[in-house]
Amino acid sequence: MNKSTYFLIIAVILAACDEFLDAKPSKDIVTPNSLEFIEDILNFSTRMNIDLTLGYVASDDYITTDQALNNYQPWQKSVYLWEEEPFQLNDVVFDWNSPYNQIFTANVAESELEKLINVDDTKRRHLIGTTAFYRAYGFYNLSQLFLPHYSINGEFDNSISIPYRETPVITQPSEMVNAEEMFLRITRNLDIALENLNSSSTHKINPNLAAAHALAARVYFTAEDYEKSYQHARRVLEFSTYQLIDYNQLSPSAANPIEQFNSEVIFHSEFLAQAILYSQLVLVNPELLSLYKDGDLRKSIYFITRPNGNINFRASYTGRVNLFGGLALDEVYLTLAESAQRTGRTNEALEAINFYLSKRYTPETFVPFRPDSSLLEKIILERRKGLAFRANRWSDLRRLNRDPRFQKTLFRTYQGVQISLLPNSPIYTLPVPPLELN
Amino acid sequence: MKKPISLIFLLILKFMIDSASAQDVRNHQVVGTIIDRNGEPIPGVSILVKGTQNGTVTNIEGVFLLNLPSGNYTLDVSFIGFKKLAIDIQVPVNTPLEFTMEKDDLELSTFEVFSTGYQELPKERSTGSFIQINNELIDRRVSTDILSRLEDVTPGLIFNRVGAASEPISIRGRSTLFSNASPLIIIDNFPYDGPLDNINPNDVESITVLKDAAAASIWGARAGNGVIVITTKKGAGLGKDRVTLNTNVTLEEKPDLFYFPRMEIWDFLDMERNLFQTGFFNANYQSVNRPLLSPYVEALFANAEGRISDQELEQKLQLFRNTDDRRELLDNFYRNAIRQQYSLNYSGGDNLHQYNYSAGWDRNLSNVIGNDNSRITLSTLQSWKSKNKKFNLSSGLYLVNRSVDTGTLLPEMFPYERLSDEVGNPLPIFQNYTPRFKNSLAKVGLLNWEFVPIEEIGRRDATVRETDIRFNFNAGYELTKGFRWDIYYQYWQNDLRNESNIGTDIYSTRNLINLFTQINPDGTLFRPLPIGAIFDQTIGKSFSHSFRNQLSYNKQFFGEHELTVLAGFELKDLQTVTDIRRFYGYDDELGISTPIDYITLFPRLINPASRGAIPFNDQHSGIINRFVSLYGNIGYTYKGRYTITASARKDQSNLFGVDANMRGVPLWSVGLGWVLSEEEFFKNDLIPFFKLRMTHGYSGNINQNVSALTTARLSPSLPLIPSLRFATITNPPNPELRWEKIQMTNVAFDFESKNRFLSGEFDFFHKRGQDLFGAIQVQPSTGVERFNGNFAETETFGFDFNLNFNWINSSKKFNWNTDLFWSHINDKILDYGVDATIISLLNSDNGIIVPKIGNPLFSVYSLQSGGLDPNTGMPRGILEGQPSMEYSRIISTTSIDDLVFHGSARPTHFGAIRNNFRYGSFSLSVNASYRLGYFFRRSSINYNNLLRGNIDHSDFSHRWQRPGDELITTIPALPTTLNPLRDTFYRNVSDRIERGDHFRLQDIRLAYNLQKSKLPSLPFQRAEIYSYINNIGLLWKATDDRLDPDFQTMIPPRSIAFGVKIDF
């Protein structure tokens, strides 16, 4: 064999190498290079369908014992006790990291979608809408904890900024935005979601057009743009798939009478799973409990009295112990009623609130509301009772405290001492965790 | 198998005849073999025709070839370590010549041949830093595995006590931060892909550890952590056939469960009662999730509710006080471990055909009753040569069958629970859920929900069966004089079957079935999980093909010049497929299982509001690793004194998502060697051998967990919607990804004094890790908390000294020599993306690398202590120069530079001193090892853990209790309330840092030799009866702490082995 033959063999082998080395090193690794894989990424509900807990910890739905507070993360305890600097240097604050991870995942999905060519355009548009929806959802939740209240009426504090990102590239710097800029970005994302999402989706963990309208209703409502929240809430009602549950049909003896993915749920989303939320020492605030009247089925469905006398919330719309913070039809009706009343559409407000209440009271005790001067107050009170142990209370407190008529001071007792949270206190905006600034 | 080989023979034969006919007719070919006294061929022997410039060297088979005109000649045959020969020959020579060289005892140690896995290299021509562990040293220890045979006998190699389990050993320190840190293991020319447990140490002839760039660049991109080359036994060659039997048995103590200082049971019981009185357990007592409370706490509740009387409570308390779970476990679950090893080796052959057959059986009874493992190894290696010795062929087959039976799992129990009553009847223990709840369902017809550990001893049907096959093949042909063509091929296959068939006689299965049982309103039961065994199966199949094509050229010209050139390419394809599956309701006798609803979220019996799907464990994975490599190696020696070497290699692999041009990395090295003692100006009788050598170059490392592209990992079932699959992002895009590179420089000298009284090697090295992967903490708002990239740079200085003293060498009666090695490692981070946080630095002694520029990879940090507070006994730190108990502020105001830096968490100096004595037929070898220059954090009490109802450290009884105690103790007082920050502070306080320095008497080996030459009546040639005692104990430690610095929770048990090795 001469040298040239030998080198020929090498040349042939080396030419074949590129193909040889193209093999995928592990079966389960994928690059998200198809619509299906991008769907898979967005399906990861543990990361994507999340709501934040600290607003709930700091609001007035529940109280707990001093002993139980020892099981809290130090910063959760500080938030519960309305301390000024709740976060220590190295606290990994889930309420900060998790929504940013949710947004990052949406950003990755979006940038991969942009690379795809020759794919089913309807599906691709739906996924574009999905990524925009998750960005809106994540940033809205962040803004409710870490940015001051924003109102379209102009009274807002623009001195605080948090990062806003649309890129998946870690090394690219973030844009720092204040409450107003954040609102504009959230609504921009909502517009993309509204434009692209299909009217239906296979699973309730995936957003669709109804979910986008419901989220828009929530976002505009919080920003006191009641005209827009009215419009979007109205649009949600056009989707006949979603129906209010008649609480008369539920069995109060079940561990949780509410089912997962029930007919009210438009978009399923859960509070970040944390042991402190499931404790029997999460006691329903007696003040809240006293609001429910006789015949109000929410009282017997929502709450359970344990053998030792503890009263706990048990009727999460997740159908399990995890608390629900997603988008559901009851919230839409309550938002619609309040928005309609605030925009002078009393008849529509009455129609919405009475339809909602008819599903919540026993037929014998149900008395429809009539137009009167305290209607707004009554609708707000129903919202308080209807959306207890959901994700809305903190935002509602921040919004309602702007109006002297609805201002509320919160109280707690810790180690025998009463502490309070005044309306519009700076405590209503949590500081950015030090780990972010480090 | 015979047929294809004889076919190849025929083909090659034709080839040889063709080339032989082209020979120069005027010259006659002289072929010869140089062997040693044992018949082993000696490669690299210099043959010079006296009075001419004509000469050659022997090849790997010890064969040389000369072309000479007819006439009489004298051949000068020389090789370091052997006595020179002068041989008269008459050309033409009709038969192949064969000469035996006698070892020159004075220069014995310098005759060593290193196997780099690509070539065998005589020591005097090597420039790199290689350590060879010969057969005698490998056999010195008694163990089932091969790796431990390197412990405390290999300069530069250390067994790590701090760091991940995936990094059991390091060669010259850690070369990477977060990538693969294991040295590359080569067995018989190719990287070994199977588990090292499959290698029988009795089959190993020698091990060479390659420490520097010279060898590393031969092995390229995976060699950055050093290379361990294992060579298995070959046929004996000339001489009589040899049969060797080696058998031994090792007895190992029960583990010392009382080693870790745990607080006294009665102290703990008092603590439980105090906690009970404060209401600490109330929440759990009432919890809907029915959590487990300890037996004493349950009794206290029962007493408070009037279910048991005060007297009954007191009786229980007395029983608890006198019970200890460690004693219970030792009495019921543990035994002395016994390891048996049998190995038989048969080898022999003649000039043209050599063979080796080995069989081994290991059987180990572990120290937990019911658990054992065994291994059977069978192997054969055959090698053939053609008559003219131009063509050679060898082929080996290695079979391993390994099995592990885990019949027993150790139960998790409360510290004062009993496993049996006074008369020895097995008792149930508390498990998973409170017995109050379990008992409340006693009548509904659930499966027995009691856990009786003793009844389950040895009852689990859980086995691992592994079959490992390795076949290798080598064919070589000498194309022209000194010019060889070799091909190597290896096929490896491993089949792993891990099965556990856990029936309802085992608690864990009954528990899971009960957990999913639903009680219908009419009292009937619905069992989504059927009654029957749970059968878990993991089936792994792996195989690899490795192929190497190599040309080498070896020529000595003008007598004084010698050139060795080697070049080739390599292909490798390694594939693994693993399937994991589970069957429910399995009946092994009938071989049937039951279909299962994995989709529905069923209410759990303990708390129907918490729903869950039946665990779906099926998994499938497949891995493909491919490499294509080109390499070259050149060595030039002048006058046997000056050597220059160079090597280069390029590796490409199927790294995911990397552009074709980024797949590969070129690596190279150069080396110089100078035998100074050959120079006239140096020659002296005091130091007859002195050599300088130096290498410089690069090797690499890869990290298959990162990719330039976005990657995601698919999972089959979403917890929320079990029928839906989902993907998690595992790697954010990183377009700047590169390979890790390690630059290494080694400068060394080897020497030998007169009469070999003292000989040794001094190696000094410098390593620089470049483009190392670093996981930097990024702002959480990016969406990830950590991010991998080529951010880091490290530097390591160090040396390895290896000395051998021959104190007394009266070859007849008494011999005493000492082997001593001393390795030093001084590593530090040169560059890293970001600063670490205070807390992560403080935690870095746990074996997590937390890089801080200027400090070692593994470092120990602490917070300055301010002593105990004289009034409260609380630990104090220093805040603004004053003692302070504001732990939160102390930690948050301490800057990285204010942290107390103690030093490395891994030894910076280590080594061993091995004394070998021989008196007549007795020999004794004692190895003492030492580790110096490092720190560790002493274990102590964690009150946070204690106050949550868990037993803790015995420092509790030495705690501060009243003012004045601060003068005699550093253990803080019991806090009045839970204060995790106080524990965090106390964990990190400088009082708790201790020096790890220690000397250890590692092992002793005693042997008695019998030889037929002395006792002609023996039925065998030679026998050695030996005993080996391991893990003897510490000789000295720097710290006053009770525990062994290297073993903070468990200490390896002492063992003693007896064995005999017979050569027939």
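Okay, hi everyone. In this model, chain B and chain A bury about 6,100 Å² between them, and 64% of that is on carbon and sulfur atoms. Keep in mind that this is a predicted model. If you're wondering about the area figure, the size of an interface is often given as the accessible area lost when the parts come together.

So who's touching whom? On chain B, 67 residues are in contact with 67 residues of chain A.

Which part of chain B gives the most to the side that touches chain A? That's strand 31, residues 619-638, with eight residues. Sorted by class, that side of chain B has 38 nonpolar residues, 20 polar ones and nine charged ones.

Here's a bit I like: the two chains also share strand pairing. Strand 1 of chain A, residues 29-30, pairs with strand 35 of chain B, residues 711-715, in the antiparallel sense over two bridges. If you want a spot to look at, find V30(A), which stands opposite A712(B) in strand 35.

Last stop, a helix in chain B. Helix 10 covers residues 507-516, and nine of its 10 residues are buried. Among them are Y507(B), R510(B) and F516(B).

That's my tour, thanks!

Key. Residues numbered from 1 in each chain as written. Chains lettered and ligands numbered in written order. Predicted model: local features only at pLDDT ≥ 70, side-chain atom pairs only at ≥ 80, totals over all residues. Heavy atoms only, no water. Contact = heavy atoms within 4.5 Å. Buried area = accessible area lost by both parts, 1.4 Å probe. Helix = DSSP H or I, 4+ residues; strand = E, 2+ residues; numbered from the N terminus. Nonpolar A, V, L, I, M, F, W, Y, C, P; charged D, E, K, R; others polar. Pairing = 2+ DSSP bridges. Buried < 20%, exposed > 50% of the residue type's maximum accessible area, 1.4 Å probe, protein only.
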